[in-house]
Amino acid sequence: MAKLSTEELLDAFKEMTLIELSEFVKQFETTFEVTAAAPVAMAAAAPGGAGAPAEAEPEKDEFDVILDADGGKKIQVIKVVRELTGLGLKEAKDLVEAAPKPVLEKVNKETADKAKTKLEGEGAKVTLK
């Protein structure tokens with residue numbers, strides 16, 4: 001197999017959807033037995049220091065936007081899913097029909113709230129996790 005340059009890899013990643021890229025990261029972590037998020041989690045936990053109680057749950061900064069149901073307006077919800085994810089028509093339709101499914105994963109609070117508002121504006125049932 002030909003070795004790809006960093007630039008070629010980045011170009012390939014730019015063409016992937018968020019869901020495809022997320023699946024790639026999961027498979028990469030499994031294959032090489034690594035965790036891409038570990039340094040970020042450790043860095044976020046460090047500022048709490050010894051003064052924070054051990055039972056205190058840290059404030060979430062990553063959310064998953066889960067589509068629970070299309071609310072009877074499948075076409076409008078598919079349009080919003082395409083807008084939010086960059087998926088093609090078939091992929092967005094499959095995602096909406098397979099609800100409950102994650103639309104966006106590991107996004108910040110502001111992005112998750114905007115996505116939830118847009119989807120609910122079209123009648124979809126959405127939860128944030």
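I take the expected span of a helix as 1.5 Å times one less than its number of residues. Helices (H or I, at least four residues) and strands (E, at least two) are DSSP runs, numbered from the N terminus.

**Entry 1: helix 2, and ground rules**

Helix 2 has 15 residues and reaches 21 Å from first C-alpha to last, close to the 21 Å expected at 1.5 Å a residue. E33 follows helix 2 and has a positive phi, near 50°.

A note to myself on the ground rules: this is a predicted model, where local features need pLDDT of at least 70 and side-chain atom pairs count only at pLDDT 80 or more, while totals for chains, interfaces and linings use all residues. Residues are numbered from 1 along each chain as its sequence is written, and side-chain values use heavy atoms, with hydrogens and water left out.

**Entry 2: the whole chain**

I looked up the layout next. The protein chain has six helices and three strands, and from the N terminus on they run α-α-α-β-α-α-β-α-β.

Then I went to burial (buried means under 20% relative accessible area, exposed over 50%, partly exposed in between, with a 1.4 Å probe and protein chains only). Buried residues make up 18% of the 129 residues in the protein chain. Its accessible surface comes to about 9,400 Å², of which 58% belongs to carbon and sulfur atoms; the areas come from the Shrake-Rupley method with a 1.4 Å probe, and for residues only the protein chains shown count as cover.

For contacts I used heavy atoms within 4.5 Å. Among contacts with a separation of 6 or more, 67% join residues 24 or more positions apart.

**Entry 3: rings**

How many aromatic pairs does the structure hold? I found three. Rings of Phe, Tyr and Trp (its six-membered ring) pair if their centres lie within 6.5 Å; planes under 30 degrees apart count as stacked, over 60 as edge-to-face and the rest as tilted.

F24 and F28 form a tilted pair, 6.0 Å centre to centre with 40° between the planes. They are separated by about one helical turn because they sit four residues apart in helix 2 (residues 18–32). F28 is partly exposed at 39% relative accessibility. F28 also pairs with F32, again tilted, at 4.8 Å centre to centre and 45° between the planes. These two lie four residues apart in helix 2, about one turn of the helix. F32 is exposed, with a relative accessible area of 52%. Ring pairs link F13, F24, F28 and F32 into a cluster.

I also checked for charges over rings (NZ of Lys or CZ of Arg within 6 Å of the ring centre and within 35 degrees of the ring normal). K109 lies over the face of F63, at 5.2 Å from the ring centre.

**Entry 4: the core**

Which residues have the most contacts inside the largest nonpolar core? I noted V65, L67, V77, V81, V103 and L119, in a core of 19 residues. Such a core is a set of buried Ala, Val, Leu, Ile, Met, Phe, Trp, Tyr and Cys residues joined through side-chain atoms within 4.5 Å. Two or more residues each come from strand 1 (63–69), helix 4 (74–85), helix 5 (89–97), strand 2 (101–107) and helix 6 (109–121). Helix 4 gives the largest share, four residues.

Leaving out residues up to four places away in sequence, V77 touches L67, D70, V96, L119, E122 and A124.

A124 is buried, with a relative accessible area of 6%. Its contacts beyond four places in sequence are L67, A69, D70, G71, V77 and L119. A124 and G72 are 52 residues apart in sequence and 7.8 Å apart in space, C-alpha to C-alpha.

Is T17 buried or exposed? It is buried, at 13% relative accessible area. T17 sits in the loop between helix 1 (6–14) and helix 2, and it touches T85, G86 and L87, not counting residues up to four places away in sequence.

Most residues other than glycine have a negative phi. K106 counts as exposed, at 58% relative accessibility.
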